[in-house]
Amino acid sequence: MGRLKPMAVLSAGILLYRRADEGLEVWIAHMGGPFWARKDEHAWSIPKGLYDEGEDPFSAARREFAEEMGTLPPDADYIPLGEFRQPSGKRLSAFAAEADFAPEQITSNTFPLEWPRGSGRVIDVPEIDRAEWFPEEVARTKLVKGQVPILDALLDRLR
């Protein structure tokens, strides 16, 4: 009897951008929890989350954005940037839109985490702890490495 191939882990997210006097800026989020607390370089992500096979990736991206930001994504013309295989093997579908997004506050959903690892103590931590606009060059050093190709795809689409 053959072994079943594991189902792919699917994720979808939104990369907002705006044109500033200094050039292109993107909206990205710092990952929450104690592991990421003191990290900045390669510790940021586009707002994203998991979805099930058969679910519409764009609908999932909108839902996950709302869960992580605490507000719906802006009404805008979204463009698909493609699917990006992450170092973990996860497949991330990314969508982009030009919008001057400025929520009064970020209210992320939380998840349970055993911390410190092996302690038996479980705490609730936010999926993201803050989000900001960054110039493209700065975002390139802040995004986790597997998401830098999403930024490149956006730049290709805007050329």
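**View 1. Glu-83 and Arg-91 pair in a salt bridge.**
In this predicted model, the closest N and O atoms of Glu-83 and Arg-91 are 3.0 Å apart. Glu-83 is partly exposed, at 44% relative accessibility. Arg-91 is also partly exposed, with a value of 22%. This bridge belongs to a structure that holds 12 salt bridges. Side chains of opposite charge can pair when their charged atoms come close.

**View 2. Arg-18 meets Asp-100 in a salt bridge.**
The N to O distance between these side chains is 2.7 Å. The pair links distant parts of the chain, 82 residues apart. Arg-18 sits in strand E1, while Asp-100 sits in the loop between E6 and E7. Arg-18 has a relative accessible area of 23% and is partly exposed. Asp-100 is exposed, at 60% relative accessibility. A network of salt bridges links Arg-18, Glu-25 and Asp-100.

**View 3. Asp-40 forms a salt bridge with Lys-142.**
Their closest N and O atoms are 2.3 Å apart. Asp-40 lies in the loop between E2 and E3 and Lys-142 lies in helix H2, so the pair ties together parts that are 102 residues apart in sequence. Asp-40 is partly exposed, with a relative accessible area of 32%. Lys-142 counts as buried because its relative accessibility is 11%, under the 20% limit.

**View 4. The largest nonpolar core has 22 residues.**
Those with the most contacts inside this core are Leu-15, Val-26, Ile-28, Ile-46, Leu-81, Ile-150 and Leu-154. Strands E1 (10-20), E2 (23-31), E5 (79-85) and E6 (91-98) each supply at least two core residues, as does helix H3 (148-158). H3 gives the most, with 6 residues. A second, separate core has 19 residues, including Tyr-78, Ala-97, Phe-101 and Ile-128. In soluble globular proteins, nonpolar side chains tend to be buried together.

**View 5. Leu-15 and its contacts beyond four places in sequence.**
Leu-15 is in contact with Val-26, Trp-27 and Ile-28, among others. Further partners include Ile-46, Phe-95, Ala-96 and Ala-97. Ile-150, Leu-151 and Leu-154 are also in contact with Leu-15.

**View 6. The buried residues of helix H3.**
They are Val-148, Ile-150, Leu-151, Ala-153, Leu-154 and Leu-155. These residues pack against E1, E2, E5 and E6. They also pack against helix H2 (136-142). An α-helix has 3.6 residues a turn, so residues three or four places apart point the same way.

**View 7. Pro-57 in helix H1.**
Helix H1 spans residues 57-69. Pro-57 is partly exposed, at 23% relative accessibility. Leaving aside neighbours within four places in sequence, Pro-57 is in contact with Ala-12, Tyr-51, Ser-93 and Phe-95. Pro-57 and Leu-10 are 47 residues apart in sequence, yet their C-alpha atoms are 8.6 Å apart in space.

**View 8. A cis peptide bond from Trp-115 to Pro-116.**
The omega angle is near -10°. Pro-116 is found in the loop between strand E7 (110-114) and strand E8 (122-126). Most residues other than glycine have a negative phi, and most peptide bonds are trans.

**View 9. His-42 has a positive phi.**
The angle is about 60°, although His-42 is not a glycine. His-42 lies in the loop between E2 and strand E3 (44-45). At 23% relative accessibility, His-42 is partly exposed.

Definitions and conventions. Residues are numbered from 1 along each chain as its sequence is written. This is a predicted model: local features need pLDDT of at least 70, side-chain atom pairs count only at pLDDT 80 or more; totals for chains, interfaces and linings use all residues. Side-chain values use heavy atoms; hydrogens and water are left out. A nonpolar core is a set of buried Ala, Val, Leu, Ile, Met, Phe, Trp, Tyr and Cys residues joined through side-chain atoms within 4.5 Å. Buried means under 20% relative accessible area, exposed over 50%, partly exposed in between (1.4 Å probe, protein chains only). Helices (H or I, at least four residues) and strands (E, at least two) are DSSP runs, numbered from the N terminus. Contact means heavy atoms within 4.5 Å. A salt bridge is a side-chain nitrogen of Lys or Arg within 4 Å of a carboxyl oxygen of Asp or Glu.
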